[in-house]
Amino acid sequence: MRMVRYALRRLLYAVVVVWGAFTGAFFLLYIVPGDAAGGLTLGADGGDVEKLLAEQRELLGLNRPLYVQYFDALTGALRGDFGDSVYQRRPATGIFFESFGQTLQLAFLGLLLAVILGVTLSVVIELINWKWARELLISLPPVAVSLPPFIVALVAVQICAFQLHWIKAFGDKTTLGLLIASLTIAVAGGGQISQLLTVNLRAALTSPYIETARNWGLSRFDLVVRHALRAAALPVVTALGTTIGVMVGGTVLTETVFSRLGVGRLIVDAVDGRDMPIVLVAVTASALIFVTVNLVVDLIYPVIDKRIRLDD
């Protein structure tokens with residue numbers, strides 16, 4: 001029963017977060033100057049602009065009170081209907097999922113590389129014997145976390161495309177291009193994982209059971225990899241939710257810099273054109289993925305670690 005209450009409470013938090021993301025996206029797009037009607041009337045003759053603008057606003061429903069537009073959009077979203085794209089005249093949900101596959105591929109590979117980089121770096125820090133090298137490696141995760149994803153992406157494009165000519169500067173669809181793009185979003189995530197894992201590894205290595213294992217004559221490698229890493233990895237599971245949030249933001253910027261077709265490019269183009277249905281479905285789906293991952297982590301963690309109190 002306690003587990004059910006715990007799950008329902010976490011589910012309520014998830015619903016609030018998704019609703020907040022939807023509402024924030026809706027009203028922020030209205031704060032930005034201009035609207036979709038303005039984009040549809042570009043190129044019209046000077047004398048007809050105002051008339052066409054009024055007609056387009058009426059056609060799109062932009063002349064209605066803002067609260068009416070919001071509740072119409074919200075009730076439609078609850079039914080899974082976000083409306084048609086202003087410019088493509090097709091269901092926004094279908095357009096989103098056409099781009100979602102590319103973004104999912106990029107994000108999944110980026111998360112996998114982030115875990116590999118973060119865990120490997122933390123293990124090497126504990127295994128290396130040279131103090132100066134250890135201190136150097138310890139300083140890398142904070143630097144990685146502080147680097148904006150678009151800066152990492154721009155540097156990667158400059159080096160790999162313009163200097164080394166490994167990939168195309170725009171719209172590269174090769175496996176190497178996907179790998180390099182994934183690495184750019186894995187930098188911050190890997191640094192975040194390494195920071196947390198390094199602290200927990202050091203704490204685990206001073207615990208009584210590790211001291212007992214050390215007295216058995218186990219090597220440093222066995223102590224770190226086979227024993228301490230398992231205990232230290234538990235808090236990292238919780239951090240994966242935040243890490244995925246970082247990766248989602250990095251994916252949007254990375255796709256823009258690398259000119260990859262995906263949700264990132266879709267959101268940028270939709271915001272630029274004030275295409276409300278596309279923006280709403282993209283933001284809501286991204287928030288839904290984020291809260292789902294966090295919800296799964298929240299539900300799994302008490303099962304992994306019995307010390308977690310379900311009352312919290």
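Student: Leaving aside neighbours within four places in sequence, with which residues is Y30 in contact?
Tutor: This is a predicted model in which residues are numbered from 1 along each chain as its sequence is written, local features need pLDDT of at least 70, side-chain atom pairs count only at pLDDT 80 or more, and totals for chains, interfaces and linings use all residues. Side-chain values use heavy atoms, with hydrogens and water left out. Y30 lies in helix α1 (residues 2-31), where helices (H or I, at least four residues) and strands (E, at least two) are DSSP runs numbered from the N terminus. With contact meaning heavy atoms within 4.5 Å, the partners of Y30 are L62, L66, Q69 and M276.

Student: How far apart in space are the C-alpha atoms of Y30 and M276?
Tutor: Y30 is partly exposed because its relative accessible area is 30%, on a scale where buried means under 20%, exposed over 50% and partly exposed in between (1.4 Å probe, protein chains only). M276 is among the residues that Y30 contacts. The two are 246 residues apart in sequence, yet their C-alpha separation is 9.2 Å.

Student: What share of the contacts with a separation of 6 or more comes from residues 24 or more positions apart?
Tutor: The protein has 14 helices and zero strands. Of its 312 residues, 40% count as buried. Among contacts with a separation of 6 or more, residues 24 or more positions apart account for 74%.

Student: Which residues does L137 touch, not counting those up to four places away in sequence?
Tutor: L137 is found in helix α6 (residues 131-138) and counts as buried because its relative accessibility is 18%. Its C-alpha atom is separated by 7.5 Å from that of L121, 16 residues away along the chain. The residues touched by L137 are L121, V124, I125 and I128.

Student: Are α5 and α13 parallel or oblique to each other?
Tutor: The axes of α5 and helix α13 (residues 263-272) come within 7 Å and cross at roughly 135°. Angles under 35 degrees count as roughly parallel, over 145 as roughly antiparallel, 65 to 115 as roughly perpendicular and the rest as oblique. The two helices are therefore oblique.

Student: Which residues of α13 make the contact with α5?
Tutor: The residues of this contact comprise five nonpolar, three polar and no charged. From α5 come I95, F96, S99, F100 and T103, and from α13 come V263, G264 and L266.

Student: At what angle do α9 and α11 pack?
Tutor: Helix α9 (residues 175-205) meets α11 through L197, N200, L201, A204 and L205. The residues of the contact divide into nine nonpolar, one polar and one charged. The axes are 9 Å apart, and the angle is about 110°.

Student: How far apart are the end C-alpha atoms of α11?
Tutor: Helix α11 (residues 220-232) has 13 residues. The expected span is 1.5 Å times one less than the number of residues, and a straight helix would reach 18 Å. The ends of α11 fall short of that, at only 16 Å.

Student: What relative accessibility does R220 have?
Tutor: R220 lies in helix α11 and is in contact with E126, L127, L205 and R214, its neighbours within four places left aside. The C-alpha atoms of R220 and E126 are 8.8 Å apart. R220 counts as partly exposed because its relative accessibility is 37%.

Student: What is the phi of H165?
Tutor: H165 is placed in the loop between α8 (149-163) and α9. Most residues other than glycine have a negative phi. The phi of H165 is positive, near 60°.

Definitions and conventions. Axes fitted to C-alpha atoms, helices over the stretch in contact; angles between N-to-C directions. Nonpolar A, V, L, I, M, F, W, Y, C, P; charged D, E, K, R; others polar.
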